[in-house]
Amino acid sequence: MHEHDVIVVGAGGAGLRAAIAADEEGADVAMVTKLHPVRSHTGAAEGGINAALRDGDDWELHAYDTMKGSDYLGDAPAIETLAQDAPEEVIQLEHWGMPFSREDDGRVSQRPFGGLSFPRTTYAGAETGHHLLHTMYEQVVKRGIRVYDEFYVSRLAVTDHDDPENRVCHGCAAYDIKSGEIVGFRARNGVILATGGDGQVYDHTTNAVANTGDGPAMAYRAGVPVEDMEFVQFHPTTLPSTGVLISEGVRGEGGILYNSEGERFMFEHGYANNAGELASRDVVSRAELTEVNEGRGINDEYVYLDMRHLGEERIYDRLENIIHLAEDFEGVNPVVEPMPVKPGQHYHMGGIETSEHGETCITGLYAAGECACASVHGSNRLGGNALPELIVFGARAGHHAAGRDLGEAQVPTGPSAATEPEDGLDTPVEPGALDASDEDVAADGALVEPAEVVDYAVESERQRVEDMLERDGTNHAEIREDLQKAMTENVNVFREEESLKQALEVIKECRERYQNVAVSDPSRTFNTDLIHTIETRNLIDIAETIALGALARDEFRGAHWRRAHQERKDDEWLKHTMISWNDGKPKLYYKPVVLEGEEKEYEPKVRSY
Amino acid sequence: MSTQIQEPETETESEETSEHQQQRLADKRERADMRERAEADLSDADETVRIKVFRYDPEVEGKKDPRFDTFEVPFYKGMTVLDSLIYARDHFDSSLTFRHSCRQAICGSDALFVNGRQQLGCKTQMVDLEWPVRIEPLPHAEVVKDLVVDMEHFYDQMEAVEPYFQTNELPSGEEQRQTRENREKVKMSTRCIWCSACMSSCNIAAGDNEYLGPAAINKAYRFAMDEREGAEMKEHRLNIIEQEHGVWRCQTQFSCTEVCPKDIPLTEHIQELKREAVKSNLKFW
């Protein structure tokens with residue numbers, strides 16, 4: 001068993017920042033990660049990092065834009081923290097050597113982005129995430145922080161108290177991918193989950209193949225509620241054949257969207273008369289699909305994004321990476337022809353419920369980054385707000401887990417923050433485990449000694465893996481493919497009651513088939529068949545929470561559109577959807593949105609662009 | 001104190017950069033045209049492509065002796081080498097093992113030896129290759145299983161050049177200044193995704209295990225040329241790459257530059273560091 005003060009699970013942007021912060025506090029930190037840190041999906045982020053750095057801008061404007069962009073489903077204390085900490089964190093990155101794009105006076109450049117009232121998106125070409133990831137990994141190397149790479153964490157080691165709020169996390173169990181051993185990791189102070197996105201729930205996504213929602217699924221099954229899972233962001237500009245992302249920076253620099261009639265539809269069809277292409281992502285995604293559905297798409301599938309008029313020089317200076325992506329993955333040279341684009345799954349606003357300090361309701365368990373939901377994005381994330389979230393909340397989780405007192409959290413967490421249960425949701429099938437007795441559910445608080453808790457997690461995981469290796473049965477790939485298709489068809493940009501129910505039925509079928517899943521590769525060495533099989537279970541659990549949350553929320557807010565409910569219902573729905581895993585069954589309840597900031601209360605307004 | 005020696009930042013240099021870019025784009029256009037022609041040749045709707053994939057597993061009977069397995073996978077327009085491997089794994093043999101994640105040429109995990117050349121599986125189009133396509137693990141690295149190689153040595157070499165920004169003087173509360181020209185100068189070097197294709201293609205690295213290799217030297221270049229680190233640090237960095245197994249081992253064969261999936265002019269960077277090192281030494285004589 002390996003033992004450290006702080007264990008960070010995942011080594012993308014949030015994980016690296018958390019590890020550096022914990023190291024700064026003097027803690028003995030280790031990162032346990034399924035990919036080598038530089039392989040993390042943060043590297044694929046293109047556009048930039050929002051931070052109020054310049055005269056004429058301030059954190060309050062950033063907070064206001066974020067609150068509005070969230071469609072008033074963000075929690076003000078978390079959003080204000082994001083806006084307040086971002087400038088210092090971005091300067092910190094620059095001081096670590098990050099190669100930001102520069103102005104003539106040598107200062108870092110900033111550009112306009114969708115939904116922002118000031119051009120506050122700091123960037124490094126159209127490969128900001130790559131530079132962010134590498135710059136932070138360099139700092140991890142410099143500090144000599146221990147990295148266990150290619151170790152797949154598949155289970156948290158949590159005490160078995162009946163009430164999740166009494167449970168303590170003492171570490172985790174991980175599969176050493178190279179040797180095939182299941183290894184225990186004990187964390188003396190805390191475990192920080194920073195496992196990133198879960199886009200593999202869908203079949204057309206900008207996300208990496210490794211983004212399978214491992215963190216949220218593990219935390220959920222250990223008793224931490226997941227929050228606002230119905231809010232999935234679809235990015236309006238992804239390449240049709242692969243889902244590769246074309247940065248919002250293209251529109252930020254002046255790129256134009258048009259349909260098969262050659263119309264600049266954002267204006268001509270009145271989707272966003274002021275902001276046009278730079279309206280927020282949910283607005284643009286719906287506009288594109290509406291064009292396609294009304295017969296004005298190209299090949300009934302996509303629209304065009306045109307940046308030719310920007311001129312070669314500007315394109316090379318600020319968006320060169322886009323030329324390579326369009327060429328290599330779509331065979332289009334965007335300097336001389338428009339790029340085909342369509343919406344694709346991009347980001348999950350929902351995730352593991354945390355306070356603004358990164359704490360979950362389980363003592364010693366933290367989460368940060370895309371896998372977490374400190375609730376800064378609400379129902380729709382603004383472009384350029386994912387990277388500041390990584391560094392701000394990664395740092396806070398790292399400091400807190402290593403012992404720094406961050407004061408009392410303003411955002412309440414855990415089942416005791418519930419205000420009302422959801423009862424009466426009409427689901428076509430019983431969601432959750434098929435046989436609750438199979439699930440490792442809480443017992444009586446007998447298992448509390450740290451080392452024992454970790455040993456128990458390792459033993460349970462070893463048993464699960466052996467069972468899958470020994471039996472004959474279904475291959476995970478078949479189940480995963482059906483799950484992804486069902487989600488794309490039924491829980492996409494446009495949502496209807498019937499299709500959401502259809503998705504829940506397919507998810508249930510996937511669960512049934514998964515009971516019989518088997519790993520056919522008998523090898524212990526680098527068994528990717530086994531990893532993908534474990535991941536597929538996580539995808540099933542995550543997909544179910546998305547579909548359940550979406551079915552329950554009968555209103556139209558941010559990224560969540562319902563055909564029969566074309567309005568935001570503030571009286572009824574100014575609240576977060578919470579789902580917790582109780583005795584193997586998902587249970588829905590709600591908690592109120594915190595609109596009260598440090599000095600002012602944010603008043604919900606109509607969102608127009 | 002010595003002063004920092006800077007390559008003159010002239011118009012010609014930025015013109016050169018732009019020429020590079022133009023050249024890269026022209027190459028891409030040419031590849032796209034070839035691709036279209038090749039795809040036109042493959043007009044049969046039920047076309048398949050055969051891939052011959054290297055297989056080895058140290059602990060499984062029957063796979064301990066390395067061999068090639070042939071898979072016949074359906075071909076479609078836009079199909080990449082990675083797509084073909086994923087198809088073969090998901091439909092024919094789930095034990096087929098390879099690294100991959102972002103499938104958009106930024107995570108650097110799927111560098112493979114395809115038809116005798118180091119390439120990223122995700123950005124190599126099947127139509128650009130001679131069929132059947134032969135897929136092997138990167139040469140000059142220990143094979144862990146099938147197409148997966150041990151990357152430890154590569155990582156060790158990367159870490160040997162102190163791959164992190166170091167400076168003593170930082171402005172408080174605001175960013176350091178950096179000229180656009182200087183940022184442009186280091187830009188290509190910062191694009192490295194650690195795929196290790198260059199290291200695998202380098203004859204010198206194959207024969208000298210201690211040679212830092214193109215990627216690590218490029219990493220040193222990235223910092224040595226960054227004006228924000230200052231003159232003293234630059235001397236320190238030049239000392240690191242001047243060691244016995246550093247820049248002087250490079251024999252300018254350009255294989256690293258040829259295979260780099262991010263178009264980094266690696267050989268040029270190594271040559272430039274050699275020049276800088278000479279100039280820096282001359283100062284003290």
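User: Where in chain A is the place of A:N299?

Analyst: A:N299 is in the loop between α8 (281-293) and β13 (303-306) of chain A. Those labels come from DSSP runs numbered from the N terminus: helices are H or I with at least four residues, strands are E with at least two. Phi of A:N299 is near 55°, a positive value in a residue other than glycine.

User: Before we go on, what kind of model is this?

Analyst: This is a predicted model, where local features need pLDDT of at least 70 and side-chain atom pairs count only at pLDDT 80 or more, while totals for chains, interfaces and linings use all residues. Residues are numbered from 1 along each chain as its sequence is written, chains are lettered from A and ligands numbered from 1 in the order in which they are written, and side-chain values use heavy atoms, leaving out hydrogens and water.

User: Why is α5(A) called roughly perpendicular to α14(A)?

Analyst: Helix α5 (residues 214-222) and helix α14 (residues 528-552), both of chain A, have axes that cross at roughly 75° and come within 9 Å. Angles of 65 to 115 degrees count as roughly perpendicular (under 35 is roughly parallel, over 145 roughly antiparallel, the rest oblique), so α5(A) is roughly perpendicular to α14(A). Axes here are lines fitted to C-alpha atoms, for helices over the stretch in contact, and angles run from 0 to 180 degrees between N-to-C directions.

User: Which residues of α5(A) make the contact?

Analyst: They are A:D214, A:P216, A:A217, A:Y220 and A:R221, and their partners in α14(A) include A:E535 and A:R537. Contact means heavy atoms within 4.5 Å.

User: What makes A:D214 and A:K34 a salt bridge?

Analyst: Their side chains meet at 2.8 Å, N to O. The rule asks for a side-chain nitrogen of Lys or Arg within 4 Å of a carboxyl oxygen of Asp or Glu, so the pair qualifies. The two residues are 180 residues apart, with A:K34 in the loop between β2 (29-33) and β3 (49-50) of chain A.

User: How do you know that chain B and chain A share an interface, and what is the area buried between them?

Analyst: 66 residues of chain B are in contact with 76 residues of chain A. The buried area is about 5900 Å², with carbon and sulfur atoms giving 46%; buried area is the accessible area (1.4 Å probe) that two parts lose on being put together, summed over both. Across this interface the rule finds 13 salt bridges. A:E127 also forms a salt bridge with B:R191, the closest N and O atoms being 2.9 Å apart.
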